[in-house]
Amino acid sequence: MTQPTAPANEASQEALPRQHRHYTIGELARMFEVTPRTIRFYEQEGLLAPRREGQKRIYREKDRVRLKLTLRGKRLGFSLAEIREVVMMYDAMPDGNARQLWRLLEILADKRANLDRQLEDIRLMRMELDDVDHRAREVLRSLDQEGSLGQED
């Protein structure tokens with residue numbers, strides 16, 4: 001009885017150093033739990049640049065890392081422009097790594113400040129809602145009392 005084996009291409013991919021591996025759009029989609037359409041969108045936006053073999057897209061390790069950075073950025077609420085900036089710095093090695101990290105820290109600080117402002121806005125809005133709620137209930141109570149006074153006659 002023979003045991004199933006991995007496809008030759010997959011087995012040979014595992015043996016390659018990571019920087020020499022390549023991926024299909026389906027492999028990346030499964031790896032990152034996104035649709036191929038999402039990957040094509042990021043390609044259209046210039047964040048990924050696969051090699052083409054006819055109609056087939058061949059993604060390199062660099063594309064895999066860029067997709068990972070892009071998806072992480074989206075989860076953190078980064079705009080595509082901010083993601084593109086950080087990803088382009090990733091490409092600008094050797095000093096791109098430090099520059100990328102400093103810029104990432106700046107963007108994170110901006111995001112954090114935005115969240116703090118939004119939290120304060122929410123807190124103030126909640127106080128206003130509570131105040132209007134309180135006044136509306138007081139008016140209803142006074143109307144109930146007036147209504148019950150009128151019925152006593």
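Mentor: With a definition: axes are lines fitted to C-alpha atoms, for helices over the stretch in contact, and angles between N-to-C directions run from 0 to 180 degrees. Note also that this is a predicted model.

Trainee: What are the angle and the axis distance for helix H2 and helix H4?

Mentor: Helix H2 covers residues 25-32 and helix H4 residues 61-75; they pack at about 40°, with axes 11 Å apart.

Trainee: Which residues make the contact?

Mentor: H2 supplies Leu28, Met31 and Phe32, and H4 supplies Arg64, Leu67, Lys68 and Leu71.

Trainee: How many residues of that contact are nonpolar, polar and charged?

Mentor: Five are nonpolar, none is polar and two are charged. Leu, Met and Phe count as nonpolar, Lys and Arg as charged.

Trainee: What makes up the secondary structure of the protein chain?

Mentor: The chain has six helices and three strands, in the order α-β-α-α-β-β-α-α-α from the N terminus.

Trainee: What share of the protein chain is buried?

Mentor: Buried means under 20% relative accessible area; 24% of the 153 residues are buried. The protein chain exposes about 11,500 Å², with 55% of it from carbon and sulfur atoms.

How values were computed: Residues numbered from 1 in each chain as written. Predicted model: local features only at pLDDT ≥ 70, side-chain atom pairs only at ≥ 80, totals over all residues. Heavy atoms only, no water. Helix = DSSP H or I, 4+ residues; strand = E, 2+ residues; numbered from the N terminus. Contact = heavy atoms within 4.5 Å. Buried < 20%, exposed > 50% of the residue type's maximum accessible area, 1.4 Å probe, protein only. Areas by Shrake-Rupley, 256 points an atom, 1.4 Å probe, with all protein chains shown as cover.
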